[in-house]
Each structure stands twice: as C-alpha cells, then as structure tokens.
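I opened the model to look up a few strands, cores and charged pairs, and I kept these entries as I went.

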Amino acid sequence: MRPRLPERRSLRTRLLLFIGVTLVVVCAAMALTTVLAQRAYLMGNLDQRVTDAAERSQGGLQRRTGDDTDLGFLNERGQAVGTLAARFAADADTAAAVHADADADGTGQVIAAQVVTDDGTQRTLTAAQRAALDGIATDGSLHTRTIPGLGTYRVTAIAGDGVPVLTGLPMDDVQDMIGGLVLIEAVAGALGLAAAGVVCAVVIRRQLRPLGRVAATAVEVSRVPLGRGAVTGLTRVRERDTYPGSEAGQVGAALNRMIDHVESSLAERQRGEERMRRFLADASHELRTPLASIAGYAELMNRGTQRIEPALAWRRISAESARMTGLVEDLLLLARLDEGRPLQSAEVDLAALVAEAVWDARAAGGDHDWQLALLLDTPALVLGDEARLHQVVANLLANARVHTPAGTTVVVSVEATEAHCVIRVRDDGPGIPPHLLPAVFERFTRGDSSRSRGTPADGGSGLGLAIVAAIAAAHGGRTDVRSVPGRTEFALTLPPSHVSSEAPSATPSVAPASGVPRPGLRRGAPASGPR
C-alpha cells in the first residue's frame, strides 16, 4: 500500500475548495433538475396541443369534400400561427408505389403540406420540407422533426376512423423558454456561488483564527530550549481560545494541559538534578571527613609515637572507619530500595518490636523520659522485613534523642485496627524549623546547614529519615510529620497482615530479652498528637 502523501494545502484552502465544489455540484443539480422538470412540463403541454390540433384537423377534413391535397381546414378559427398540416397518399391512383409500405408499417408519403404564416394565410411546403415529414406512423405517436426553413416541430399523425392527417406545432417557444431559463439559472448560480464563496472565505477565516493562535502558541513553545537550565513561564493559549464547546478550544485546552505537564516535568527534572548535585556534594563531604581523620591519624603515627599514643590513634581510625562504613551502608540501602529490590517478608509483631526499640533507646539516652503506649484493637501484626522495620523505629527514636535537649519526654505509641497499624513518636522538644518540614524526609536534610560535624552528637548524616521513608514505602506504608514548638510527632502507617484464628491475644505481652528494666508502659493511654 502506497504511503499517503501529506497535504500540501492549508486547512483553510481545503475547506474553501470542498465547500466550493459542493456548492457547484448542488447548484448544478438543482439547475438541471429545474430545467428538466420545466422542459418536461412544457413538452407535455405542447404534446397535448399538438394532439388536440391533429384531432381538430381530422374533424375538419371529414366535413370537407375536397381532394386528397385539400388542407382548407387550416383556415378554420383556432389554428395558431406556425401550425403545420399534411396529407398522406390515400389511394392507388395517387400513390400506387407507396401503398404496400403504408400497409406494412403504418407510414405514408406526404403529398401535400402547408403551414399557417404570421399573417394568417397558408404557405405550401416545398418538396425538401415535405421530405422531412416522411416516415411518420399514423398511430398518434409524437415526433420531433427539423424542417428546413421552419425550424423544429413537434408532429403527430393520426388515422382514426377518418382520413389520415399529420399536424405539427413549432417548438421555438419551448426552446426559447428553456434557453432563457438556463441563462437565468447560470447567471444567478454564478452570482450566488461568488457571493457564497466570499462569505465562506470570511467565515472560515474568522472561525479558524483561534486555531491559528493556538498553532502560533505551539510554535512559540517549540522554539524554547528545553534541554538545559530552568524552564519557567512557557506561553499558554489565551483563555478565550480554550472554550471546550469548540474544536479549536479543545485543542487549546489540551495544549495548555500539555504545556503544564511539560513545565512541571521540567521543573521536577531541575529539582531532581539539583537534589542529585546536592546529594553528590553531601556524600562527598560526608565521606571526606572520616577519610581526612583516618589520613591525619595515620600521618601522626608515621611521624612517631611521641606525637600521639598508638592506641588512641587506632581507636580514632576505627571510629572514623565505622562512621564511613555506616554511611556507605546507608547509601547502599537507599540505592537498593530505589531499585525496588524485594525485602524479606514475614509476620512481624510491631508491639514487641517497638518495645524493644524503646528499651534500647532508653539505654542509649538515659537523660530523656521514654514512654510507651499500646492502643491495640487487634494484634499489631504486619508483613515485612523485621530488621528493616526495627531500623525504622530506631532511626525515629534516635532522631528524637539527638535533636531534643535532656529531660525531653518522648512518647512512643502503637495503634492497631482492622484498617492499619500506626507507630507514633512524639516529643515535647523545640520542634522542627518550618522551612525544613517539606524536605525532612529527603536525603542529607539536617537542622544545621553546614556539612561538617565534630562529634556524632552534632547530628547524623541526614540519611536517617530518608531511610525511614524509603523502607515505609517498600512496605506499602507512608510516613507523616507534624511539628510546632513543644510538640512534634512522626507517624509511620503500615497495612496490617491477615490474622488467623490461631493468632495471639489482642494485647500481647512484651518481655525484655534480659534483666534490663523495661521502659514505662501505659496500656490504653492516648498516643495521638503532633510530632
């Protein structure tokens, strides 16, 4: 199949051509129909007049006593100007040679013919004119004959019970009327088509003007360099060209939506590139700090043991190595979660897991007041990776411990219903700065803008909450945060697992693994509120 060639003409030109051709065809069909109908009517009227004239002529012959060439009936009243009459050979003496033909096919030879002139007299037809009337059957059928010097006639011949006679009337009036009608329709059609063409051109131009403006907007947007830099303020189609009731408006509205999508996608790409640059810079600085420490202690040891004790240097090198290893492992974990690698899946008891995490946090941060509240309508069981979920809770508790002053009360609650399981970590510390809230779960987001920290107490790498959000998303859950001064709450929502009839009781007991005292446990205590 041959490929279809693209249209070379504009839509305006094609519409004009299509409408023009359609109007020409319609006008021609209407004119032809009118001419044919009018001609049929006039010919029918003329045929009736010819038949009536033939009947009158035959009646006139029956009353006359003349010979076979007698056409005196043309002198009778009622005969129109141009009426033609003729007689046929009727006996053997007059036309013996043609009787056999007349008997065979009902036709005869014209032996006399006259026509009524404008002054009312009769004029005899010449032999050539009579020859044009030969061969007409006397069966009453109508014929059209062209007679030299007289024009076109509509003739008929009848025999009946009397003498055969031929009568005819001129067709000039019919032809003149049809010719005049054709001329009038041609002139009127031409003028009408010209006027219709002008009107259509104006209307099409006006109606396609919005589409032209939409096309101009698309061309303008296509010229904007989208491959580099920030792209904002792309031109939009004006509101008056986005009316959904018209096709051009629908195209304009769709173009605006597409431009919105393009602009938002480009803005997101720009933000992603900025985050990636920030991520690479932060990761480089985070790795540079322990590497610089390791290099510094190694250099001191190379210079001799008088400058630093070897044991201290090795401890510091080991600490910085562990810090760098932890950072690399966090980055690798985030990379695996970004790739969508599946985690281990098993039934996890969130109540027990949170109790153990609070117990560990109390041991690490004894200067804080740690409290645990379990609000369980059903067992807090979820399907997931227990080690990763424990890491999520530990990160949230470490975040509360590191970023709040001593004496801060941290309340950890577990809520379980048929619809979801929620872990909330709330503290009464100073809160999170408002400008950090939208990006608190992004990577390398920290309360201080500097990249260098002297000790772990100065804050982590800024990956803890990013890991929390990534692990929650990998488990089909979500994380939320609300913070005002004196009240900050992080919420981790996870979908529950299906509990069988052999499941443990609705409020499972949580026993510590060793003799270390458990944190304060308040069953049924309110655990909601911002953090």
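The entries below follow the order in which I looked things up.

**Ground rules.** I worked from a predicted model, in which local features need pLDDT of at least 70 and side-chain atom pairs count only at pLDDT 80 or more, while totals for chains, interfaces and linings use all residues. I numbered residues from 1 along each chain as its sequence is written, and side-chain values use heavy atoms, with hydrogens and water left out.

**Strand 11.** I began with strand 11 (residues 421-427), taking helices (H or I, at least four residues) and strands (E, at least two) as DSSP runs numbered from the N terminus. Seven of its seven residues are buried, where buried means under 20% relative accessible area, exposed over 50% and partly exposed in between (1.4 Å probe, protein chains only).

I counted two strands as paired if DSSP finds at least two bridges between them. Strand 10 (residues 409-416) pairs with strand 11 in the antiparallel sense over seven bridges, and a hairpin of four residues joins strand 10 to strand 11. In this pairing I noted Val411 opposite Arg426. Strand 13 (residues 487-494) also runs antiparallel to strand 11, with seven bridges between them, and Phe490 in strand 13 is the bridge partner of Val425.

**Nonpolar cores.** I next looked for nonpolar cores, meaning sets of buried Ala, Val, Leu, Ile, Met, Phe, Trp, Tyr and Cys residues joined through side-chain atoms within 4.5 Å. The largest has 49 residues, of which Leu350, Val354, Leu397 and Val412 touch the most other members. The elements that give two or more residues to this core include strand 10, strand 11 and strand 13, while the largest share, eight residues, comes from helix 8. I followed Val412 through its contacts (heavy atoms within 4.5 Å); not counting residues up to four places away in sequence, Val412 touches, among others, Val354, Leu397, Arg424 and Val425. Apart from this core lies another, of 16 residues, among them Val110, Tyr153, Val155 and Leu166.

**Charged pairs.** Side chains of opposite charge can pair when their charged atoms come close. I called a pair a salt bridge when a side-chain nitrogen of Lys or Arg is within 4 Å of a carboxyl oxygen of Asp or Glu, and the count came to nine.

Arg154 and Asp47 form a salt bridge with their closest N and O atoms 2.6 Å apart; Arg154 is in strand 5 (residues 151-158) and Asp47 in helix 1 (residues 11-63), 107 residues apart. Both Arg154 and Asp47 are buried.

Asp241 and Arg213 form a salt bridge at 2.8 Å between the closest N and O atoms. Asp241 lies in the loop between helix 5 and helix 6 and Arg213 in helix 5, so the pair ties together parts 28 residues apart in sequence. I noted that Asp241 counts as buried at 3% relative accessibility, whereas Arg213, at 21%, counts as partly exposed.

Salt bridges that share partners join Glu415, Arg424, Arg482 and Glu489 into one network.
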